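Hello,

Here is the structure I promised to pass on to you. Have a look at it first, and then read my notes below.

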Amino acid sequence: MLTAKADLDSKVEGLGRGADAYLTKPFEEKELLVRLQQLIELRRKLQAKYGSVDHLASEKEPLDPEEQFFHQIRQVVESRLEDERFGIAQLCREMYISRSQLHRKLKALTGKPTSHFIRDIRLNKSKELLLSTNLSISQIAFEVGFRKPAYFSEVFSETFGESPSDFRKNHEI
């Protein structure tokens, strides 16, 4: 936030409303560049942390607001896994958030669009099912909300670098 209001109350209010940084006019170019660099680095760290499929499998109790947000999204999606029609619109309704807000927040934190984030939750669950059940690959595809087993196998292979059947064979206990 760039503003002429330099008093402490204005600064606290601006930061409290979600500003990532608060600069008062006149500002120093060096300060602006350093703050921008710090914000970019923070964004990279958040995307590295939240952008991985493995992070979605985390069962630990969420501590910070981002963790709570992810935990809540994961719970909503997992509760509707078998519903192949469950998507962004339904997630927005259940999270009480607009489509643009959800997309903006997920894109900022993960670097992925909402549809890919939902797909990653589905794929992560499919990994669990491949290792813990004797269901066929087609049955698992349907269990996690994919209409077409061939598409499921294609996306699984792209994401994890091996087909579902190879994954099952290579990770058997």
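Tyrosine 96 is exposed, since its relative accessibility is 76%; exposed means over 50% relative accessible area, buried under 20%, and partly exposed in between, with a 1.4 Å probe and protein chains only. You will find tyrosine 96 in the loop between α5 (88–95) and α6. Its phi is near 55°, a positive value in a residue other than glycine. Most residues other than glycine have a negative phi.

Before going on, please note that this is a predicted model, in which local features need pLDDT of at least 70 and side-chain atom pairs count only at pLDDT 80 or more, while totals for chains, interfaces and linings use all residues. Residues are numbered from 1 along each chain as its sequence is written, and side-chain values use heavy atoms, leaving out hydrogens and water.

Now the chain as a whole. It has 10 helices and 2 strands; helices (H or I, at least four residues) and strands (E, at least two) are DSSP runs, numbered from the N terminus. Starting at the N terminus, the order of elements is β-α-β-α-α-α-α-α-α-α-α-α. The chain has 173 residues, and 35% of them count as buried. Among its contacts (heavy atoms within 4.5 Å) with a separation of 6 or more, 46% are between residues 24 or more positions apart. The accessible surface is about 11,000 Å², with 51% of that belonging to carbon and sulfur atoms; these areas come from the Shrake-Rupley method with a 1.4 Å probe, and for residues only the protein chains shown count as cover.

How do α4 and α6 pack? Helix α4 (residues 65–79) and helix α6 (residues 99–110) meet at an angle of about 115°, and their axes are 12 Å apart. Axes here are lines fitted to C-alpha atoms, for helices over the stretch in contact, and angles run from 0 to 180 degrees between N-to-C directions. On the α4 side the contact involves Glu66, Phe69, Phe70 and Ile73, which meet Leu102, Lys105, Leu106, Leu109 and Thr110 of α6. The residues of this contact comprise 6 nonpolar, 1 polar and 2 charged; Ala, Val, Leu, Ile, Met, Phe, Trp, Tyr, Cys and Pro count as nonpolar, Asp, Glu, Lys and Arg as charged, and the others, Gly among them, as polar.

Several residues of α4 are buried, including Phe69, Phe70 and Ile73. In α6 the buried residues include Leu102, Leu106 and Leu109. Just after α6, glycine 111 has a positive phi of about 80°.

Threonine 114 belongs to helix α7 (residues 114–132). It counts as buried because its relative accessibility is 2%. Apart from neighbours within four places in sequence, threonine 114 is in contact with Ile88, Leu91, Leu102, His103 and Leu106.

Finally, which residues does arginine 168 touch? Arginine 168 sits in helix α10 (residues 164–170) and is buried, with a relative accessible area of 18%. Not counting residues up to four places away in sequence, arginine 168 touches Leu129, Leu130, Thr133, Asn134, Leu135 and Ile140. Arginine 168 and lysine 127 lie 41 residues apart in sequence, with 8.3 Å between their C-alpha atoms.

Best wishes
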